[in-house]
Amino acid sequence: MSMNVITKTFDIGDGRTITIETGKLAKQADGSVVVRMGNTMLLATVCAKQEAGENVDFMPLTVDYQEKFAAAGRIPGSFHRREAKLSDYEILISRLIDRALRPLFPDDFHAETQVIVNLISLDKDVLPDALAALAASSALAVSDIPFNGPISEVRVGRINGKFKINPSVTELEQSDMDIMVAASEKDINMVEGEMKEISEQDMIEALKFAHEHIKIQCRAQKELAALVNKAKREYCHEKHDEELRKAIWAFAYDKCYAIAREGIANKKLRAEKFKAIKEEFVATLTPEEAEEKAFLIGKYYHEVEKKAMRDCVLNERRRLDGRVLDEIRPIWCETDYLPSTHGSAIFTRGETQSLTTVTLGTKMDEQIIDGAVFEGTSRFLLHYNFPPFSTGEVKPMRGTGRREIGHGNLALRAIKQVLPENLPYSLRIVSDILESNGSSSMATVCAGSLALMDAGIQIKEHVSGIAMGLISDRETGKYAVLSDILGDEDHLGDMDFKVCGTSKGITACQMDIKVDGMSYEILAEALEQAKRGRLHILAKLNETISQPRPDLKPFAPRIVTIEIPNEFIGAVIGPGGKHIQELQRETNTVITIEEVGNIGVVEIAGSNKEMLEKALNRIKTITAVAEVGQTYDGIVKKITTFGAFVEILPKKEGLLHVSEYDWKRTDDISKELKEGDLVQVKLVEIDSKTGKMKLSRKALLPRTPVNKSK
């Protein structure tokens, strides 16, 4: 069987190369490639149906990234021992690919399209997520599927002040930023990442650095596509009625513009007024015509409504709800709303509301991560829930959606930068969105920050988040940067740019750009406007609670941590866990021990301070090391003719010789002591060879002078 294998290799710096190969694997797909960097390899395939579904006016794109455990030489740890539903990490990468690709498909292409990217080989130091969008775009480039790409995606880190593309896992640990940037050869269209309170200017410099490298990757894809030389398919997925379109524009544009100019703050009332215009137009048609052309009427009316709202913002410099461009909606906050939680807060901005809780747990509550790339545990979780009632809708609830996972991850990345180091707790933040009209993920960041302070977690300072929008007109050159966007403004706008941070700088961001040609000057303006909005929101948070509460809630678990020598771990645990289980039962605590290097890290968690101290003191006693010169309250374990064996620490006995009992002569120590008696002794010597301990009671007594007259 003949194969026409075509490869393209390019350099990304520091002697590292990326190779794209096509023609060897998955040849029945419309397009397939293998992308390799080091020993990390991704197989990307793309298939699209020839025809679109009836009355489909959107892009039905599905993107799935999945890790094959064999790629890392591992067997899955799940019950079935096979790859199953996508993990959160895989979903997040799927979203990164999807958000980068989706804006580049032709507006009139509506055939169902599926992109599948599989990790088939893993180099532990080459993260696959930075290669996934490159692989997906390359598969589209060598296919016959229409696509206005190519695009690519890179990770940017900054180590010791120097930017680096696709840094290694080790280098990322030293980096003050971790940003994923996607772009075509012309424009950036997607950004997501976390930072350690960096400036807006640093952010822009990172994006410029990323784009220069993305251009190289896009050119490589074009050269590969030219070598494959596969013609793009012809298609016709839309039917139009120009007469109907013109009629709707003539009837509805001015009416829609007038409603947009009214500045109606209530989302439902505004939607009802726009809907009434459409119904008014439909009433001018015969019932048969209205039914026959219902799809096109909806499509054309949506175009008119969107254009009118955009024009109104650009011309009037005011928003759909009446605000000026940089105005933040009214905010109210409350903490300690839920009496039984470890921490709680409500954050409401306009018609968006988050009720957020904080729960503290022990090491036993850690999340176990079992992935091909990452395995281990996580002690900080943030979960975001978006129930249908938050938008007044009725929808089936079928588990956590991809959007919820993505929004929760963004909020987690924003908040984790201010958490105290070496926090002994497992920490779970849950944001339940109770109302939504724009930027509920940013409400989650704000509510999460408030709830952490309410819980007594000593975060460095508040984190706030704001969603920015952009409306631009290429023909006139007009543009408007919008602060704290509404849901409608997100839908009709050209950009959704979420920025989170403290008073010192940016901690996380997420940007999706839906149009070509946004300049760095406009981006810089958006970032500066976002900073002003972020600081305004921070002030509102500080009015509610400006410092973490000095202590945890009375019913929250308290954790103390001590380090013990490795050799004492067994003594604390006991045979078959006997000692540690008894201690947990007696004190109603949870005790965990982790071996770290040459020490054992013991965590004791409990809500009763007295019982916590009791467990701590017991462990200190078990693990104490006998020291010469120290005084101990010992227990007599055995009496002999030459002295008594006294236990001064658990399982540690020394000899109290008869001559060391008192300054006066003692002939028979059994007349002075019996087994079980308590006796205070001093450790005077430890034999360096045998480890035997010599104890003295008389060393603690005043010396009795000798009466020579007798």
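Trainee: Does Lys 24 count as buried, partly exposed or exposed?

Mentor: Lys 24 counts as partly exposed, because its relative accessibility is 38%. Bear in mind that this is a predicted model.

Trainee: Which residue does Lys 24 meet in a salt bridge?

Mentor: A salt bridge here needs a side-chain nitrogen of Lys or Arg within 4 Å of a carboxyl oxygen of Asp or Glu. The side chain of Lys 24 meets that of Glu 21, with N to O at 3.9 Å. Glu 21 counts as buried, because its relative accessibility is 19%.

Trainee: How many salt bridges are there by this rule?

Mentor: The count comes to 57 salt bridges. Another of them joins Arg 558 and Asp 551, at 2.9 Å from N to O. Arg 558 is buried, with a relative accessible area of 19%, whereas Asp 551 is partly exposed at 42%.

Trainee: What does a salt bridge tie together when its residues are 93 apart in sequence?

Mentor: Take Glu 192 and Arg 99, whose closest N and O atoms are 2.6 Å apart. Glu 192 lies in strand β10 (residues 188-198) and Arg 99 in helix α1 (residues 88-101), so this pair ties together a strand and a helix. Both residues are buried.

Trainee: Which residues are linked in a network of salt bridges?

Mentor: The network links Asp 129, Arg 155, Asp 178, Glu 194, Arg 413 and Lys 416.

Trainee: Now to helices. What describes two packed helices?

Mentor: Two packed helices are described by the angle between their axes and by the distance between the axes. In this model, α1 and helix α2 (residues 129-141) pack at about 45 degrees, with their axes 9 Å apart. That angle makes α1 oblique to α2. Their crossing is right-handed.

Trainee: Which residues make the contact of α1 and α2?

Mentor: From α1 come Tyr 89, Ile 93, Ile 97 and Leu 101, and from α2 come Asp 129, Ala 132, Ala 133, Ala 136, Ser 137 and Leu 140. Sorted by class, the contact of α1 with α2 has eight nonpolar residues, one polar and one charged. Asp 129 also belongs to the salt-bridge network.

Trainee: At what angle do the axes of α6 and α8 cross?

Mentor: The axes of helix α6 (residues 267-282) and helix α8 (residues 294-316) cross at roughly 135 degrees and come within 11 Å. Angles over 145 degrees would count as roughly antiparallel, so α6 is oblique to α8. The crossing of α6 and α8 is right-handed.

Trainee: Which residues of α6 and α8 meet?

Mentor: Phe 274, Lys 275, Ile 277, Lys 278, Phe 281 and Val 282 in α6 meet Ile 297, Gly 298, Tyr 301, Glu 305 and Met 309 in α8. By class, this contact of α6 with α8 has seven nonpolar, one polar and three charged residues.

Trainee: Next, contacts of a single residue. Where is Glu 653, and what does Glu 653 touch?

Mentor: Glu 653 is in strand β27 (residues 652-657). Leaving out residues up to four places away in sequence, Glu 653 touches Lys 637, Phe 645, Val 646, Glu 647 and Met 693. Glu 653 and Met 693 are 40 residues apart in sequence, and their C-alpha atoms are 7.2 Å apart in space. At 39% relative accessibility, Glu 653 counts as partly exposed.

Trainee: Is Glu 647 buried or exposed?

Mentor: Glu 647 counts as buried, at 17% relative accessibility. The place of Glu 647 is in strand β26 (residues 643-649).

Trainee: Which peptide bond is cis?

Mentor: The bond from Gly 149 to Pro 150 is cis, with omega near 0 degrees. Pro 150 lies in the loop between α2 and β7 (151-159).

Methods. Residues are numbered from 1 along each chain as its sequence is written. This is a predicted model: local features need pLDDT of at least 70, side-chain atom pairs count only at pLDDT 80 or more; totals for chains, interfaces and linings use all residues. Side-chain values use heavy atoms; hydrogens and water are left out. Axes are lines fitted to C-alpha atoms, for helices over the stretch in contact, and angles run from 0 to 180 degrees between N-to-C directions. Helices (H or I, at least four residues) and strands (E, at least two) are DSSP runs, numbered from the N terminus. Angles under 35 degrees count as roughly parallel, over 145 as roughly antiparallel, 65 to 115 as roughly perpendicular and the rest as oblique. A crossing is left-handed if the near helix is turned anticlockwise from the far one by less than a right angle, and right-handed if clockwise. Contact means heavy atoms within 4.5 Å. Ala, Val, Leu, Ile, Met, Phe, Trp, Tyr, Cys and Pro count as nonpolar, Asp, Glu, Lys and Arg as charged, and the others, Gly among them, as polar. Buried means under 20% relative accessible area, exposed over 50%, partly exposed in between (1.4 Å probe, protein chains only).
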